[in-house]
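Dear colleague,

Please find the sequence and structure below. I would be grateful if you could read the notes after it with the model open.

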Amino acid sequence: MEFFCYHRDRPGSLPLREELGEAHWAYMDRYEAELIARGPTFADDGETPTGSVHIVDLPDAAAARAFVFDEPNYQAGAYRDVLVRRWRNLLGRTMWEFPGGRTGGKRYLVLGLGPGDGADLDVPGARQDELIAYGPLLSDDGAVWVGTAALVRAADAGAARAVLTPERYAAIEVHDWEFGGRR
């Protein structure tokens, strides 16, 4: 089962995250084979971390909760909250298989959250070359659509936002994002 996990930083937690950097990396190394995508999000300045995205393939929801809540930064209080949702990998690949590679162009996390019938349930044909990861966010049992998450290469935040159909969501968030993992 695939899960989308987004840890949002607690304001002022950067020193704690820096202190726990190696512990975080070592923890993530344990999940190297299960990770579909990962990486930090940033404030508008492009430098201040605001969160951490992990898309991971795990046996069940209990394993996903253990993954997010046992993470060293979470345990130490660096995060203010965590979004954990079932997810479906519509591209069928990991971020490391993205044809555009790790560098070149700006990268974004786009989260569309909302009630109702599912939206953007198919990969947008015109944007496929720019999509790093894409899929619906689902209820714990995988039966109900609750949103869509995408990692996308785009010229700017507005172009990234355009990967989703705005009127179909209660809210759309766009965050600067970059490829994570050891280089």
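Predicted model: local features only at pLDDT ≥ 70, side-chain atom pairs only at ≥ 80, totals over all residues.

Residues are numbered from 1 along each chain as its sequence is written, and side-chain values use heavy atoms, with hydrogens and water left out.

**The sheet.** Eight strands form a closed barrel in the order β1-β3-β2-β8-β5-β7-β6-β4, with antiparallel pairing. Strands here are DSSP runs of E of at least two residues, and helices are runs of H or I of at least four, numbered from the N terminus; two strands pair if DSSP finds at least two bridges between them. Neighbouring strands are turned by 30° against each other on average, direction ignored. The antiparallel strands β5 and β8 are joined by 6 bridges, and Y108 has D176 in β8 as its bridge partner.

**The cores.** A nonpolar core is a set of buried Ala, Val, Leu, Ile, Met, Phe, Trp, Tyr and Cys residues joined through side-chain atoms within 4.5 Å. Buried means under 20% relative accessible area, exposed over 50%, and partly exposed in between (1.4 Å probe, protein chains only). The largest core has 19 residues, of which F4, I55, W87, L109, L111, L151 and W177 touch the most other members. Strands β1 to β7 each supply at least two residues of this core, and β6 gives the most, with 3 residues. Another core, of 15 residues, lies apart from it and includes Y108, A154, V163 and L164.

**A171.** This residue lies in strand β8 (residues 171-177) and is partly exposed, with a relative accessible area of 39%. A171 and L111 are 60 residues apart in sequence and 8.1 Å apart in space, C-alpha to C-alpha. Beyond its neighbours within four places in sequence, A171 is in contact (heavy atoms within 4.5 Å) with L111, G112 and L113.

**Aromatic pairs.** Rings of Phe, Tyr and Trp (its six-membered ring) pair if their centres lie within 6.5 Å; planes under 30 degrees apart count as stacked, over 60 as edge-to-face and the rest as tilted. The count comes to 6 aromatic pairs. The ring centres of W177 and F179 are 5.4 Å apart and their planes are at 45°, so the pair is tilted. W177 is buried at 3% relative accessible area, and F179 is buried at 4%. Ring pairs also link Y27, Y31 and F67 into a cluster.

With kind regards

Definitions and conventions
Axes fitted to C-alpha atoms, helices over the stretch in contact; angles between N-to-C directions.
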